[in-house]
Amino acid sequence: MIGNDDDRRLWSIGEVARATGTTIRTLRHYDEIGLLGASARTASGHRRYTADDVRRLYRVRALRALGLPLDEIARVLADATEDLESMRALLTAQLSALEAHAGRIGELTAQIRTLLGRMEDTSMPEPEQFMTTLEMMSVFETHFTAEQREQLAGRRAELGPEGVEAAKTEWAGLVRELLRLMEAGTPAGDPGVRDLVGRWDGLANRFHAAGADGERTKAAAQRMWDENSERIGQNLPWSPDRMRALVAYVQEARDAG
């Protein structure tokens with residue numbers, strides 16, 4: 001998107017949002033909290049993003065994908081120099097995460113090839129082979145390690161079936177109320193919105209371990225949503241577009257708090 005010839009180019013907020021998959025609401029919030037602003041303005045006062053701004057946005061998005069919250073990203077960027085070496089370090093970390101993800105895909109691909117090979121030999125694969133493949137599919141599709149899945153399963157067991165169903169019902173009510181406020185234009189920093197988001201987070205905490213382990217499973221769950229929101233949204237009573245907007249609204253409320 002940006003090369004040496006583009007360093008003098010300017011982008012409107014709408015162009016940046018469309019090109020990067022970031023909502024205009026989120027870009028404005030980044031500006032409000034001092035994380036990312038538009039360095040230029042038109043004569044009429046409209047935001048215009050420079051090449052340096054877009055490179056900073058890349059850093060923000062990459063660090064978010066690695067699981068860092070916005071306040072930590074702000075600290076990282078405040079301490080980092082905007083040079084080739086810092087960008088190289090960020091890209092290396094991002095590449096490592098993608099390679100690990102690609103490795104899981106490769107393992108799953110090999111397992112499925114084995115199953116197909118057995119079927120071409122006119123013999124049905126053993127149940128254990130299907131179980132192994134299903135296990136790997138679960139890791140791939142949910143973005144959680146085996147240890148993290150065990151932790152999540154343990155938390156669900158502690159809640160019990162009735163507790164899980166009660167949490168689902170409570171969450172559905174929070175979704176409906178937050179959607180109503182969001183679509184009515186209520187600012188994410190409104191005390192009523194933040195109170196509902198606090199209840200949302202408290203509800204989510206029931207399913208995650210305390211401490212660093214819980215933060216890691218939360219980050220994995222966020223990545224799962226970011227990468228599979230369309231498919232996940234198809235199983236919810238609300239459209240994927242509304243849910244993606246709501247998740248961004250909830251994050252804005254957290255950041256405003």
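Which residues does Thr-26 touch, not counting residues up to four places away in sequence? I looked this up in a predicted model.

**Entry 1: Thr-26**

I found Thr-26 touching Ala-248 and Glu-252, with residues up to four places away in sequence not counted. Thr-26 sits in helix 2, which covers residues 24–32. I read its relative accessible area as 14%. The cut-off for buried is under 20%, so Thr-26 is buried. I also checked a distance to Tyr-249: the C-alpha atoms of Thr-26 and Tyr-249 are separated by 8.4 Å, although the two residues are 223 residues apart along the chain. Within its own part of the chain, I noted a polar contact of 2.7 Å between the side chains of Thr-26 and Thr-23.

**Entry 2: the whole chain**

I then listed the elements and got ten helices and two strands. From the N terminus on, the order is α-α-β-β-α-α-α-α-α-α-α-α. The chain has 257 residues, and buried residues make up 33% of them. For contacts between residues at least 6 apart in sequence, I noted that 62% join residues at least 24 apart. The accessible surface comes to about 15,300 Å², and 54% of it belongs to carbon and sulfur atoms.

**Entry 3: helix 8**

I compared the length of helix 8 with expectation. Helix 8 runs over residues 191–205, and at 1.5 Å a residue its 15 residues should span 21 Å. Its end C-alpha atoms are 21 Å apart, so the two values agree.

Which residues of helix 8 are buried? I list Val-193, Leu-196, Val-197, Trp-200 and Leu-203. They cover an arc of only 115 degrees around the axis, which means that they lie on the same side of helix 8. An α-helix has 3.6 residues a turn, so residues three or four places apart point the same way.

At the start of helix 8, I found a side-chain oxygen of Asp-190 within 2.8 Å of the backbone nitrogen of Gly-192.

**Entry 4: nonpolar cores**

I looked next at the largest nonpolar core, which has 24 residues. Val-175, Leu-178, Val-193, Trp-200, Leu-246 and Tyr-249 touch the most other members. Helix 7 (146–183), helix 8 and helix 10 (240–256) are the elements that give two or more residues to this core. Helix 7 gives the most, with nine residues.

I took Val-175 as a case. Leaving aside neighbours within four places in sequence, Val-175 is in contact with Trp-200, Trp-238, Met-243 and Leu-246. Apart from this core lies another, of 19 residues, including Val-16, Ala-17, Tyr-49 and Ala-62.

**Entry 5: His-208**

Is His-208 buried or exposed? I read a relative accessibility of 11%, so His-208 counts as buried. Its place is in the loop between helix 8 and helix 9 (211–233). Not counting residues up to four places away in sequence, I found His-208 touching Leu-152, Arg-155, Gly-214, Thr-217 and Lys-218.

Note on methods
Residues numbered from 1 in each chain as written. Predicted model: local features only at pLDDT ≥ 70, side-chain atom pairs only at ≥ 80, totals over all residues. Heavy atoms only, no water. Helix = DSSP H or I, 4+ residues; strand = E, 2+ residues; numbered from the N terminus. Buried < 20%, exposed > 50% of the residue type's maximum accessible area, 1.4 Å probe, protein only. Contact = heavy atoms within 4.5 Å. Areas by Shrake-Rupley, 256 points an atom, 1.4 Å probe, with all protein chains shown as cover. Expected span 1.5 Å × (residues − 1). Arc of directions from axis to C-beta. Polar contact = N/O pair within 3.5 Å; in protein donor to acceptor, adjacent residues only side chain to side chain. Core = buried A, V, L, I, M, F, W, Y, C linked by side-chain atoms within 4.5 Å.
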